[in-house]
Amino acid sequence: VDLLQLDCQGCEVDALQGADALIEEGRVETIVVEYSPAHLSSAGHRPEALLEMLHARGFRISTLLLGTQILPESFRAFVREHEGVAINLLARREDPGAPAAKRGGG
């Protein structure tokens, strides 16, 4: 899968869990996802959960429009800065083609 695009109105964590086998096998190289802290919260997820899940599965996360990388140590600050807005994120596999190694989180 070259590109997985998700816009699930807060259910992106659930959608990623549903695609976990593909992701863990290294078969998903790039994910574009709408990120909305408010939608994630209303669906019962911590806003950081989506970021943590992508990172734990070996993806580098950046904003789609500006390409600004979002590092794990700045996840909480990123959530605070984007409360009340939706932003598209780009997640690219750090080691393309390699099976994902869960690194905690998610």
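Select Asp20 and Arg57: both are buried, where buried means under 20% relative accessible area, exposed over 50% and partly exposed in between, with a 1.4 Å probe and protein chains only. This is a predicted model, in which local features need pLDDT of at least 70, side-chain atom pairs count only at pLDDT 80 or more, and totals for chains, interfaces and linings use all residues. Residues are numbered from 1 along each chain as its sequence is written, and side-chain values use heavy atoms, with hydrogens and water left out.

**Salt bridges**

Stay with this pair. Asp20 and Arg57 form a salt bridge whose closest N and O atoms are 2.8 Å apart; the term means a side-chain nitrogen of Lys or Arg within 4 Å of a carboxyl oxygen of Asp or Glu. Asp20 is in helix H2 (residues 20-24) and Arg57 in the loop between H4 and E3, 37 residues apart. Helices (H or I, at least four residues) and strands (E, at least two) are DSSP runs, numbered from the N terminus.

Arg57 has a relative accessible area of 6%.

Next, select Arg46 and Glu48, whose side chains meet in a salt bridge of 3.5 Å, N to O. Is each residue buried or partly exposed? Glu48 is buried, at 13% relative accessible area, whereas Arg46 is partly exposed, at 44%. The structure holds 5 salt bridges.

**The sheet**

Switch to a cartoon view and find the strands. An open sheet of 5 strands runs in the order E1-E2-E5-E3-E4, with mixed pairing. Two strands pair if DSSP finds at least two bridges between them. Strands E1 (3-6) and E4 (69-70) stand at the edges with a single partner strand each, so one side of each has no neighbour in the sheet.

E1 and E2 pair in the parallel sense over 4 bridges, and Gln5 has Val32 in E2 as its bridge partner. E2 and E5 pair in the antiparallel sense over 6 bridges, with Val33 opposite Leu89 in E5. Strand E3 (residues 59-63) and strand E5 (residues 87-93) are antiparallel over 5 bridges; here the partner of Ile61 is Ala91 in E5.

Now colour the two faces of E2. Thr30, Val32 and Glu34 on one side, and Ile31, Val33 and Tyr35 on the other, are all buried.

**The core**

Select Leu16, Ile31, Tyr35, Leu50, Leu51, Leu54 and Leu89. These have the most contacts inside the largest nonpolar core, which has 24 residues. Such a core is a set of buried Ala, Val, Leu, Ile, Met, Phe, Trp, Tyr and Cys residues joined through side-chain atoms within 4.5 Å. H4 gives the most to this core, with 5 residues.

Centre on Leu54. Leaving aside neighbours within four places in sequence, Leu54 is in contact (heavy atoms within 4.5 Å) with Leu16, Ile31, Val33, Phe59, Ile61 and Ala91.

**The aromatic pair**

Last, select Tyr35 and Phe78. The structure holds 1 aromatic pair. Its rings, those of Tyr35 and Phe78, have centres 5.6 Å apart and planes at 45 degrees, so the pair is tilted. Rings of Phe, Tyr and Trp (its six-membered ring) pair if their centres lie within 6.5 Å; planes under 30 degrees apart count as stacked, over 60 as edge-to-face and the rest as tilted. Both Tyr35 and Phe78 are buried.
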